[in-house]
Amino acid sequence: MKIPHLLALCCLCLIAGLTGCTTVNSVENANKEGQRNMVSDQRAVTDHSLNKKVSIVGVNTGMTPGGVLKVQVELQNRTRSLQRFIYHFEWFDANGMQVNSIVSAPTPDQVEGRENKMISAVAPTPNCKDFRVKFIEAE
């Protein structure tokens, strides 16, 4: 009788392992040297399903040594399983006009369960003064 119970327990463990419930433990410096330049952001959420799974923690901006805008967005996976998404940076000049670039192509990415992750991009030209990031849930 004990062997069927052991077999059932092994099957349960195998099924639990195959469902993709992976979480991430992390450690970081508590006394940070670098200071983030967090910006106030304006959000338009149209995909509530993705927003419940992967949320934006904050947006950090800076300049490269060459004077080009760089942006870093911190994301948080609110679930216990891997989440896939696609993001796309759009860039704008000082007049609010969109600057098109092949560098700004949609990028597939993923984030493990309960993980915080940074995505970043550098503007295609020094003329870019603003940005927008779009997120789409990947199938």
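This is a predicted model: local features need pLDDT of at least 70, side-chain atom pairs count only at pLDDT 80 or more; totals for chains, interfaces and linings use all residues.
Glutamine 83 sits in strand β3, which covers residues 83-93.

Now show its side chain together with threonine 79. A polar contact of 3.1 Å links the two side chains. Next, look for partners farther along the chain. Leaving aside neighbours within four places in sequence, glutamine 83 touches Lys53, Val54, Asn77, Asp109, Gln110 and Val111.

Move on to the aromatic rings. The whole structure holds five aromatic pairs. Select phenylalanine 85 and tyrosine 87 for one of them: a tilted pair, 6.3 Å centre to centre, with 40 degrees between the planes. Both of these residues are buried.

Phenylalanine 85 belongs to strand β3 and phenylalanine 135 to strand β7, so the pair ties together parts 50 residues apart in sequence. Which of the two is buried? Phenylalanine 85 is, with a relative accessible area of 1%. Phenylalanine 135 counts as partly exposed, at 23%.

Last stop: the largest pocket, with a volume of about 800 Å³. Its lining has 26 residues, and Arg43, Ala44, Ile56, Val133 and Phe135 lie nearest its centre. Colour α2, β1, β2 and β7, the elements that each give two or more residues to the lining. β7 gives the most, with six. By type, the lining has 13 nonpolar, six polar and seven charged residues.

Definitions and conventions. Residues are numbered from 1 along each chain as its sequence is written. Side-chain values use heavy atoms; hydrogens and water are left out. Helices (H or I, at least four residues) and strands (E, at least two) are DSSP runs, numbered from the N terminus. A polar contact is a pair of N or O atoms within 3.5 Å; within protein, one must be able to donate a hydrogen and the other to accept it, and residues adjacent in sequence count only if both atoms are side-chain atoms. Contact means heavy atoms within 4.5 Å. On a 1 Å grid over the protein atoms alone, a cavity is a set of points where a 1.4 Å probe fits but cannot get out, and a pocket is an open set with protein on both sides within 12 Å along at least five of seven lines; lining residues have an atom within 4 Å of a point. Grid points are joined across faces, edges and corners, and a volume is the space filled by probe spheres set on the points. Ala, Val, Leu, Ile, Met, Phe, Trp, Tyr, Cys and Pro count as nonpolar, Asp, Glu, Lys and Arg as charged, and the others, Gly among them, as polar. Rings of Phe, Tyr and Trp (its six-membered ring) pair if their centres lie within 6.5 Å; planes under 30 degrees apart count as stacked, over 60 as edge-to-face and the rest as tilted. Buried means under 20% relative accessible area, exposed over 50%, partly exposed in between (1.4 Å probe, protein chains only).
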